[in-house]
Amino acid sequence: MPNQSNTLVSVERTAIRLAEELGYEWIDLELVKEPAGRFLRFYIDKEGGISLDDVEAFHRRIQPYAENIDYDYMEVSSPGIDRPLKKPRDFERAQGKEIEVKLYKPMDGAKLFTGVLIGLEDGRIVIDDAGERREFDQKAVALARCVLNVDEDMLNDIDI
């Protein structure tokens, strides 16, 4: 069997090309072991959100290229509204918004910080934390994502 890492890189290149052909934004690929098995996940997005038809179309196109990867389940998904900020374009989109930054190791006695995203500067996430400028080396950050502020009116609009 081919080297798993090289195969993943090859499949990701193909996925990026296919996403572009289908008019989607390529977000990410992950192969993770969970209690139910090994999940191969493709994340795509587009203006207005991804539909089930979009997921099905991408799944059909990418599946033959994933045959040499050892996985139990393959998923195609939207990154969701709480998508992690990973790539420079993610940080560009979130600039001026409130984000949370979770660190692997504590800094100043804390592992979680929130503030308004100033930007990504030379591999450092920069936020305004209540008037104080804070910088975090991107490699020290376990997770960065926009803070979701849900109010009562939004909950009332949900049709369950």
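**Close-ups of a predicted model**

**View 1. A facing pair in the sheet.** F42 sits opposite V76, a residue of β3. The model shown here, like every view below, is a predicted one. β3 pairs with strand β2, which covers residues 37-45. The two strands run in the parallel sense, and five bridges link them.

View 2. For one example of a bridge, find V32, whose partner in β2 is F39.

**View 3. Where the helices meet.** Two packed helices are described by the angle between their axes and the distance between the axes. For α1 and α2, the axes come within 10 Å and cross at roughly 140°. That angle is why α1 counts as oblique to α2. The crossing of α1 past α2 is right-handed. On the α1 side, the residues in this meeting are V11, T14, A15, L18, A19, E21 and L22. From α2 come A57, F58, R61 and I62.

**View 4. The largest nonpolar core.** In soluble globular proteins, nonpolar side chains tend to be buried together. The largest nonpolar core in this model has 19 residues. Which residues have the most contacts inside it? They are W26, L40, F42, I44, F58 and I62. Helices and strands both take part: α1, β1, β2, α2 and β3 each supply at least two residues of this core. The largest share, five residues, comes from α1.

**View 5. Zooming in on F58.** Leave aside the neighbours within four places in sequence, and F58 is in contact with A15, L18, A19, L22, Y24, W26, F42, I44 and V76. Two of these, F42 and V76, are the facing pair from the opening view. Apart from the core of the previous view lies another, of 14 residues, including F91, V101, F113 and I125.

**View 6. Two loops with a positive phi.** D108 is in the loop between β4 (98-107) and β5 (110-121). Its phi is near 55°, a positive value in a residue other than glycine. Is D108 buried or exposed? Its relative accessibility is 67%, so D108 counts as exposed. Further along, D122 lies in the loop between β5 and β6 (124-129). D122 isn't a glycine either, yet has a positive phi of about 50°. With a relative accessible area of 80%, D122 is exposed.

Terms used: Residues are numbered from 1 along each chain as its sequence is written. This is a predicted model: local features need pLDDT of at least 70, side-chain atom pairs count only at pLDDT 80 or more; totals for chains, interfaces and linings use all residues. Side-chain values use heavy atoms; hydrogens and water are left out. Two strands pair if DSSP finds at least two bridges between them. Helices (H or I, at least four residues) and strands (E, at least two) are DSSP runs, numbered from the N terminus. A nonpolar core is a set of buried Ala, Val, Leu, Ile, Met, Phe, Trp, Tyr and Cys residues joined through side-chain atoms within 4.5 Å. Buried means under 20% relative accessible area, exposed over 50%, partly exposed in between (1.4 Å probe, protein chains only). Contact means heavy atoms within 4.5 Å. Axes are lines fitted to C-alpha atoms, for helices over the stretch in contact, and angles run from 0 to 180 degrees between N-to-C directions. Angles under 35 degrees count as roughly parallel, over 145 as roughly antiparallel, 65 to 115 as roughly perpendicular and the rest as oblique. A crossing is left-handed if the near helix is turned anticlockwise from the far one by less than a right angle, and right-handed if clockwise.
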